Structure formats: structure tokens, C-alpha cells
Amino acid sequence: MRAADALFQALAAEGVEHVFGIPGGANLPIYDALHDAELVHIQARHEQGAGHAAEGYAKASGRVGVTLATSGPGATNLVTPIADAMMDSVPTVFITGQVRTDLIGTDGFQEADISGITLPVVKHSMMVTDPRQLTNYIHAAFHIAATGRPGPVLVDIPQDLSRAEIDYTPAEGPPSLPGYKPPTEGNIKQIRIAAKALANSKRPVIYGGGGIINAGAADDFREFCTSDRLPVTLTLMGLGAFPAPHEQWLGMLGMHGTRTANYAMDEADLIVCVGARFDDRITGKLSEFAPRAKFIHIDVDPAEISKNVPAHIPIVGDAKDVLPKLNREYRALKPDSSRLEEWWGRIRNWQGTYPLRYEDSSDSEIKPQFMVEAMYEATEGDAIITSDVGQHQMWAAQYYHFAKPRRWLNSGGLGTMGFGLPSAIGAKVACPDQTVVCLAGDGSLIMNVQEFATAAQHEIPVKVFLMNNGHFGMVRQWQELFWDERYQSVEMGASPDWPKLAEAFGWTGMQCTRKGELRDAMKAALAVDGPVLLDVHVTKAENCYPMIPAGQAARDMVG
Amino acid sequence: MGEPGTQDIVRLEDLEVSRTLTGRKHILSLLVENRPGVLARIAGLFSRRGFNIDTLAVGPTEDPDTSRITLTLDGAVHPIDQVTKQLHKLVNVIKIRDMEPGSTTTREMALFRVNATVESRAEIMQFAEIYQAKIVDVSRRSLTIEVTGTQDKIDSFEAMIRPHGLIEMARTGEVAISKSRAEH
């Protein structure tokens, strides 16, 4: 059979049911082979959209997301989703066509060295040089993408090689990768030391991140945290790993986290970091970050440990393995919960003094925070929410209380505007029985607006709740606060008539401008049997608070 | 401290972090898959993480499927632990050894082309002899000298020869191999 036919056999063997992509010259053989393949192809309208859809698919389901694209511009359009998947550790495989082998290096039509271009932003990449390698590379790609710390893998296939005839034999056993041995089990001695340190801590904070969700360890995390009255905070990527609201829940930490979470980090004597990476949005000014704390750092990626903040007790391992052991060792010590009494008193005091709050309007104006609260009520807190990047993303993180993992999909590390709509499409394909809502910003939505057509064509009933403030809101906020209100290029000006635009794509378009009608409008949108855009006009110049100004310490939170 | 079931306490004030900067030169010996693009991955990793390579030598090993990359870096500037952990993330890197200074044999080769007038020629050749260097090319005005040895030896030879007028110098970068253990 042709190598391209074998490609789909290999994808079937990996359990792939859906791929997202766009055809072009260099991947014509692959698209021809698609006729006989048993998987479903979702035809996107831009490769970036296909890539983010695959990410949404992976984040919602935990399965590997797959994208197909052609050479040259098709491949370069994938650079943003690849970089995004790298930053947020999303298991993804990107399969690109390449020009014929005799054209490589000649600046042929639609030639781009995509392996070279993506080198800094892939977990691994492989260029097929012999058609007989192809299926082995595919299996290796899936193995690398999904194991250890997940990430994007690129497989680049020259057009002539995907057309070549090969003898396909199904792979037996895992691929041979002598240089790839992701750690799994944590060192039990280190785990015991960690348990003992924790039992002796009077002001502990458990700080969890997206690694818990990637490891499928949210239940283990909750059991560990609730084995004692341990205060819990999560990063933006970790939301849902611990059920919010909960009496031990401090809220999200970091730049737009709660004062309680950030102050607790500031005063903690021991911080247990699970599957997070001390990003600058968490630490603020590094030299003043958690100055009183010792650190236990649990991560599957050894390079994350002591990268930004030196760990006193490093534990390299999968959270799914480490957390139950840590829990067992900790319980065996029968720690005295009353030692935390004073600490909880302090925390309750912060929670009482500094709750998340906003000044609601006294008329029909819709405050953006109110919109998120209305969304929480309309979806009964039980939807997959995707978001773009900016103020609306932070408000969603603050006011939508995620109770389960894989319900909050957003671009955290790379901060990719335009992520929300395509990732919602991918999430809905992966989880057709769940309500999927994209909370979009008007600045972001237009960046991948073409994907309206993808949802319409494939009848993917996602809902887009557009938080329309007519601005690049977060940039506007920074110009207001840190650049002397010298506003530059942040007004959206000539925005489209959003409901009309949605209708032009075959969606249902709705609009809401009055607070009193918002919940019903949302419920009506959710009840429609098809994709819906709900354009919600919110306060134009609301700021997202509280915040740690960039480069400052948790103590310096404003708002 | 890490034994099960004991009630001994880990006091938080006793916990310390290990030092990240060692303050000395490190020689990393990498066994990598012999495939196109591997060197680019390593070089790219160093540049994007801001690590500075002092020397780099690449060549085949006893196994045609693998290559050896020997690189030296300054442990006073770079956290070597972080460098090796990042290198380990590259799928094509099979093995990394941070070579122990006491139990490692290191060699570098260098070629020097030096001004050699009738008056200075004899002195230069004398230096070469002291350093067990070889004269590999001669012209009316210059000598080309091959020196092999540790980095320090080559540095020292360079210092000796420089006043005579160093026209050109080429160095390979160090390669290293661990010393065999004493047999009993």
C-alpha cells in the first residue's frame, strides 16, 4: 500500500478517531488516502484553527489531538498552536506535508523548513526520509506526545514519500527510543521526607498546576489535600484539579489571583508545588516570592525543578504515582491538625477582608464579572469553558468556579488570543455530550473568526458568549494603569455586527445589552440545537482586579 | 530520615537547597543518536536558554548509530544541573556524563601558524620541542605547529608563541574519556 494509507492504519492503531486539518499540494497523497480511512476529518478554515482545535480536543479528553497541514504556509500557520501546545504541555501530533525530496533545499514552491522553524517549540520532531520509517515515526510521535510531560510532536512527510509503495506491518510493542525515558515513580525516600516536613509545617500551602490534570490525578490531589486541613491554591492551568468552592480552597494564585492565595504564599513556611512551574505570572518579583517558605516540588519534568525557584525537597515523578504515596506517608505520621489552627485563622481573616468583589451596576449595564457569574448560573457550573486571552479569561478564572478537571481550556503559557473558538470546536468534537461554551473577547474572537465556518459545516453546536467591550481590554487596562492613560491602538473601532456575522456563517446570532435579560438570553442560547453566538455588551472600561503589577511582589497587590 | 514509620521529625529550618553554581569548568560528554539535526537541536537549546558553550567537538563513536559530542562550559556562570536536565529532554540525546576532573583524560589539538624570521625560528622550534609539538608546515616566513594536550597546555603554548606574531590559530575543542579503573 501507499505510505499515506499506512499512515492512517497507524493512526487507527493509535486509536485516533478525529483529525483536524486542511489539504494542500504537498499532502495530497494523505488526503487521497483519507477516502479509505475510518476516522473523521474536521476541515478547518485556517491551519492555526485546526491546531487549536486539536489542542482543545486533547485538553478536554486527555487523548492526543492530531492536525494535518500541507507544506510551506500550511505548516508555518501551525507554528502558533505548536508553540501553544509546548507551553501548556498539550499532547498533540502535527503531521505536515513537505515538498518532494528532490525539491528540498531548492526554495521550491511552498517549501518551508518546518522542522527547523519549530525546533525550539516542539517536544520532538521527525522528518521522514524513507517511506518505510513513516509508521514507526507515527507511533513514536504518539508515544512521545502523550507520555512524561506531554507536548507537541511534528512529523514532516515529503510528498513523494507519502505516495511511495511500502509493505505495512503493524507495529509490535512500543517504539525503540533509546534517549527517551520519562520518569514515572517518585523516589520514596524523598516522598517520606516531604511527608515529614509537611507534618511539621505550621503554615503550609499546596500549590497545584496543570500537571495534576495532565496526570489524571485530580482525585488523588483532592484526597491528599483533604487528608488534613491543607490550604489549596491552583494556577490558571490547574483550575478544576481541586473542586471550587471548597472550605480549603483559597482561590487561584498569581497576577490576578486572590489576595488570600497570594498572601498565603507570601507568609507560608512550606509550599508544596504539584505539577506547576513557578512561572513569572505566579511568582511576581522572584527575589521577594514566598520569602519565608521551604519548597517541595513534585514534577514529572526534572528540568522544571529548581529552574526558577530552588527546591528543598525535589520529587521527580508523575503526580498520579507520587500523590497517593505522599498521602499514605503523611497520614501514617498522624499529623496534629490543630497545629494549623492559627494559620487558618489568618487565612479566614484575609478571606473576610479581601473577597473577590466588583462594583455591580445600579442600572441595566452589564459588568463583565456579572456576565461570568451569569454564565456560571446558566450552565449550572457544569460546562466545558474555553476562553481567549485577556481580561475575560481572568474574570472567568476568578468567577467561574471549576469543580472538575478538563472543564477549563485556555491558553496559559503562550497567551494566544484566538484560542477560544477553535479549541471549543475541538472540545465539542471530543465530548459531544457536554455543553461547550467559548467565553470570547471581541479582540480575540476576530483573530480566528473563520472557524465559524468549520462549526457550521460539521454541525458542531458550540456556544460563543462574546464579552464585547469594544477594546483590547487587558492592553487598555495596562495603558491606563502603567502608561499614563496614553491609549494607543486598543479601541476596536470598526467592529463587525457580531450577530449578523454569525448568521452569515450559518450560526444563530443573538445579542444582549441589558443585565436583567442576560441569564435568560444565555439559557436560550444554550437551548438552541446548533452553534450560537451571543453578543453581550459589557462595561467598556472595567479593570480586572486584584492584580500584582508585573515584576512586583504579592504584597504589592492592587485593586 | 527517609525511612518508613519513624516519627523523627524533619525540621523546616534544617532544609537547604543545593548550590546551583559549581564555579569550575565542566566537560559534558553526550552520547547522541547519529541523525541529521541533532547538533542543531543542542545548539538551539543552548542559545534559547542563554547557555554559552566554550568548546564543542563532535565525532563518531565505536557504534555507527551514535555520535559523541563533547562540550565545555563554565560552571561559575551556568547551573550545570539545569543544563544537563534540559539536554536530557532532547529525545535524540541518549546519555550525558558530567566528566569528573580527577578521573578523566582530556585532549585538545591546535594548529598555530606563527611568524618565523631567520632570527626567531630556532627559539620557536625550541618551544615546540618543550611542548612536544610538531612542525607540520614550513615556509620562508612562517611555521605551522601542531600541539596536542590539555586545554591548559595549549593555552600556555599560545602564550609563549604569541609574542613572535601569531598569524592564525585553530583549536578543536576538548574531547574527553574517563580513565579506566585500576584493576585488582
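Residues are numbered from 1 along each chain as its sequence is written, and chains are lettered from A and ligands numbered from 1 in the order in which they are written. As the model is predicted, local features need pLDDT of at least 70 and side-chain atom pairs count only at pLDDT 80 or more, while totals for chains, interfaces and linings use all residues.

Chain A is divided into domain 1 (3-163), domain 2 (188-353) and domain 3 (368-537); such bounds come from an automatic or database domain assignment. Between domain 1 and domain 2 of chain A, the C-alpha centres are 37 Å apart. Six residues from domain 1 of chain A and six residues from domain 2 of chain A form the contact between them, where two residues are in contact if their C-beta atoms, placed from the backbone, lie within 7 Å. The side of domain 1 of chain A that touches domain 2 of chain A comprises one nonpolar, three polar and two charged residues. In this classification, Ala, Val, Leu, Ile, Met, Phe, Trp, Tyr, Cys and Pro count as nonpolar, Asp, Glu, Lys and Arg as charged, and the others, Gly among them, as polar.

Chain B is divided into domain 1 (20-99) and domain 2 (104-178). Taken over C-alpha atoms, the centres of these two domains of chain B are separated by 28 Å. Eight residues of domain 1 of chain B are in contact with eight residues of domain 2 of chain B. On the domain 1 side of this contact, strand S1 (25-33), strand S2 (55-60) and strand S3 (66-74) of chain B each supply at least two residues. Helices (H or I, at least four residues) and strands (E, at least two) are DSSP runs, numbered from the N terminus. S2(B) gives the largest share of that side, three residues.

Strands of a sheet pair through backbone hydrogen bonds, either parallel or antiparallel. Here six strands of chain A form an open sheet in the order S9-S8-S7-S10-S11-S12, with parallel pairing; two strands pair if DSSP finds at least two bridges between them. S9 and strand S12 (313-316) of chain A are the edge strands, each pairing on one side only. From one strand to the next, the twist averages 15 degrees. Strand S11 (residues 294-299) of chain A is joined to S12(A) by four bridges, and the two run parallel. Within S12(A), A:Pro314 is the bridge partner of A:His297. Helix H12 (residues 259-267) of chain A lies across strand S7 (204-208), S8, S9 and strand S10 (270-274) of chain A, running at about 105 degrees to S9(A). Axes are lines fitted to C-alpha atoms, for helices over the stretch in contact, and angles run from 0 to 180 degrees between N-to-C directions.

Helix H3 (residues 47-61) and helix H5 (residues 79-87) of chain A pack at an angle of about 25 degrees, with their axes 7 Å apart. H3(A) is therefore roughly parallel to H5(A) (angles under 35 degrees count as roughly parallel, over 145 as roughly antiparallel, 65 to 115 as roughly perpendicular and the rest as oblique). From H3(A), A:Gln48, A:Gly51, A:His52 and A:Glu55 meet A:Thr80, A:Pro81, A:Ile82, A:Asp84 and A:Ala85 in H5(A). These contact residues divide into three nonpolar, four polar and two charged.

Some local backbone features remain. A cis peptide bond, with omega about -5 degrees, joins A:Ala244 and A:Pro245, and A:Pro245 is in the loop between strand S8 (232-234) and strand S9 (249-252) of chain A. The bond from A:Tyr545 to A:Pro546 is also cis, with omega near -5 degrees; A:Pro546 is found in the segment after strand S18 (532-537) of chain A. A:Asp484, although not a glycine, has a positive phi of about 55 degrees. A:Asp484 lies in the loop between helix H21 (473-482) and helix H22 (498-504) of chain A and is exposed, with 8 other C-beta atoms within 10 Å. A residue is buried if 20 or more other C-beta atoms lie within 10 Å of its own, exposed if 12 or fewer, and partly exposed in between, with C-beta atoms placed from the backbone.
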